[in-house]
Amino acid sequence: MSMRARPLTFDESLAMMRNRDGWIAEQGFHELLPRAKEYVDELITAFATETHHGVQCWLLELIGEARSKRAFDLLCEQSHSSDQAFRDWAIRGLRLLDSHAARKFLYDSGLKT
């Protein structure tokens with residue numbers, strides 16, 4: 001358990017995720033994981049502007065973990081990305097969303113397994 005007086009902010013956690021030290025980067029990811037739904041809009045914005053591929057993958061994973069209908073369009077878009085990692089995280093996110101629209105999209109796209 002952390003001895004921190006307060007949880008890190010979204011920006012602090014994202015800065016940690018961008019750190020070159022893998023331990024610090026992982027800590028930043030795990031700070032956001034239980035609060036992904038709270039930060040879904042910020043995660044979507046960060047994904048759109050991020051330039052580091054690994055951080056983009058983490059952001060897409062967090063977006064999927066948020067299980068928010070607000071992420072549906074981005075997840076659908078990324079499920080057809082030319083980037084295999086983005087496709088995989090988006091499809092996983094759509095499966096986690098588990099809404100009628102997500103299931104229909106996966107089925108209609110031939111992505112339902």
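Residues are numbered from 1 along each chain as its sequence is written, and side-chain values use heavy atoms, with hydrogens and water left out. As the model is predicted, local features need pLDDT of at least 70 and side-chain atom pairs count only at pLDDT 80 or more, while totals for chains, interfaces and linings use all residues.

Helices are DSSP runs of H or I with at least four residues, numbered from the N terminus. Helix H1 spans residues 10-17, and its buried residues are Phe 10, Ser 13, Leu 14 and Met 17; buried denotes under 20% relative accessible area, exposed over 50%, and partly exposed the range in between (1.4 Å probe, protein chains only). These residues lie on the same side of H1, because they cover an arc of only 100° around the axis, the arc being that of the directions from the helix axis to the C-beta atoms. The cover over the buried residues of H1 includes helix H2 (22-32), helix H3 (40-49) and H4.

The largest nonpolar core comprises 33 residues, and those with the most contacts inside it are Met 17, Leu 43, Leu 59, Leu 60 and Ile 63. Such a core is a set of buried Ala, Val, Leu, Ile, Met, Phe, Trp, Tyr and Cys residues joined through side-chain atoms within 4.5 Å. At least two residues of this core come from each of H1, H2, H3, H4, H5, H6 and H7, and H4 gives the most, with 8 residues. In soluble globular proteins, nonpolar side chains tend to be buried together. Apart from neighbours within four places in sequence, Leu 43 is in contact with Phe 10, Leu 32, Ala 36, Leu 59, Leu 62 and Ile 63, where contact means heavy atoms within 4.5 Å.

The axes of H4 and H6 come within 8 Å and cross at roughly 10°. Axes are lines fitted to C-alpha atoms, for helices over the stretch in contact, with angles running from 0 to 180 degrees between N-to-C directions. The two helices, H4 and H6, are therefore roughly parallel to each other, a term for angles under 35 degrees. On the H4 side, the residues that meet H6 are His 53, Gln 56, Cys 57, Leu 60, Glu 61, Gly 64 and Glu 65; their partners in H6 are Ala 85, Phe 86, Trp 89, Ala 90, Arg 92, Gly 93 and Leu 96. The residues of this contact divide into 7 nonpolar, 4 polar and 3 charged. Ala, Val, Leu, Ile, Met, Phe, Trp, Tyr, Cys and Pro count as nonpolar, Asp, Glu, Lys and Arg as charged, and the others, Gly among them, as polar.

Gln 56 belongs to helix H4 (residues 53-66) and counts as buried, at 14% relative accessibility. Beyond its neighbours within four places in sequence, Gln 56 is in contact with Phe 47, Glu 50, Thr 51 and Phe 86. In helix H6, Gly 93 is buried, with a relative accessible area of 2%. Gly 93 touches Gly 64 and Leu 75, residues up to four places away in sequence not being counted.

Arg 67 is found in the loop between H4 and helix H5 (72-78) and is partly exposed, with a relative accessible area of 40%. Asp 98 is located in the loop between helix H6 (84-97) and helix H7 (100-108); with a relative accessible area of 48%, Asp 98 is also partly exposed.

Conventions. Angles under 35 degrees count as roughly parallel, over 145 as roughly antiparallel, 65 to 115 as roughly perpendicular and the rest as oblique.
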